[in-house]
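Visitor: I'd like to learn how to read pockets and salt bridges in a model. Can you walk me through it?

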Amino acid sequence: MLTSTRDARCRFGARQETEGVLQDVFSRQYGQLVRLARLRVGNAADAEDLVQDAFVAVQRAYGDREGEELRKLLFTTVRNLTVNYLKSGHVRQRRVSSEIRDIQDEVACGRGVTPERQLIDSQMLDIATAVMAALPERATEALRLHRYERLTYDEIAKRLSVSPRTVKRDIAGALAAIAEGLARAG
């Protein structure tokens with residue numbers, strides 16, 4: 001019984017010593033580990049969390065290792081955790097969230113349909129329709145196929161028996177004429 005108590009004390013003392021070595025390695029390398037993680041994930045807070053997770057993982061799995069080996073294990077674990085983080089979609093989700101935040105004011109305050117807005121939209125439509133009526137038939141048809149039927153330039157070119165370059169020029173000319181007509185109307 002005495003031997004097992006002494007063994008337990010020795011193991012406990014060795015564990016404390018190893019944890020002290022790991023603490024020392026961690027505190028000396030913390031800045032580099034965070035920089036590595038931040039370079040990979042692009043977010044300081046998440047980088048710090050990943051470094052903390054690496055420390056806990058190394059402490060649990062490799063608590064009996066020596067200083068230089070612990071340092072290498074910490075860097076490897078941080079690298080692996082950042083790869084897993086990037087694969088998990090956190091970055092994509094955060095990017096989408098920030099994009100939504102950027103347009104939140106526009107979406108939250110969408111304009112309602114007022115009688116004035118209906119009148120203005122009706123007038124703009126009349127002007128665009130008049131301009132389109134004055135355009136060559138091929139340009140009007142190319143614009144209709146492109147905007148309403150969502151056909152590509154190549155598909156429109158085949159339908160109209162012209163080159164894709166001609167289709168592109170016709171659509172650009174039609175859009176420019178409509179824009180000019182609307183600008184003149186004020």
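This is a predicted model: local features need pLDDT of at least 70, side-chain atom pairs count only at pLDDT 80 or more; totals for chains, interfaces and linings use all residues.

Visitor: Which residues line the largest pocket?

Guide: Start with the lining, then ask which elements supply it. Here the lining is Leu125, Ala128, Thr129, Met132, Leu143, Arg147, Tyr148, Leu175 and Ile178. Helix 5 (115–134), helix 6 (137–147) and helix 8 (164–185) each give two or more of these residues, and helix 5 has the largest share, with four. The space inside comes to about 180 Å³.

Visitor: On to salt bridges. How many are there?

Guide: The count is six. For each one, look at the distance, then at where the partners sit. Asp121 and Arg117 meet at 3.0 Å, N to O. They are four residues apart in helix 5, so about one helical turn separates them.

Visitor: What does the salt bridge between Asp170 and Arg138 tie together?

Guide: The closest N and O atoms of Asp170 and Arg138 are 2.5 Å apart. Asp170 belongs to helix 8 and Arg138 to helix 6, so this pair links parts 32 residues apart in sequence.

Visitor: Is Asp170 buried or exposed?

Guide: Asp170 has 11% relative accessibility, and buried means under 20%, so Asp170 counts as buried. Arg138, at 40%, is partly exposed.

Note on methods:
Residues are numbered from 1 along each chain as its sequence is written. Side-chain values use heavy atoms; hydrogens and water are left out. On a 1 Å grid over the protein atoms alone, a cavity is a set of points where a 1.4 Å probe fits but cannot get out, and a pocket is an open set with protein on both sides within 12 Å along at least five of seven lines; lining residues have an atom within 4 Å of a point. Grid points are joined across faces, edges and corners, and a volume is the space filled by probe spheres set on the points. A salt bridge is a side-chain nitrogen of Lys or Arg within 4 Å of a carboxyl oxygen of Asp or Glu. Buried means under 20% relative accessible area, exposed over 50%, partly exposed in between (1.4 Å probe, protein chains only).
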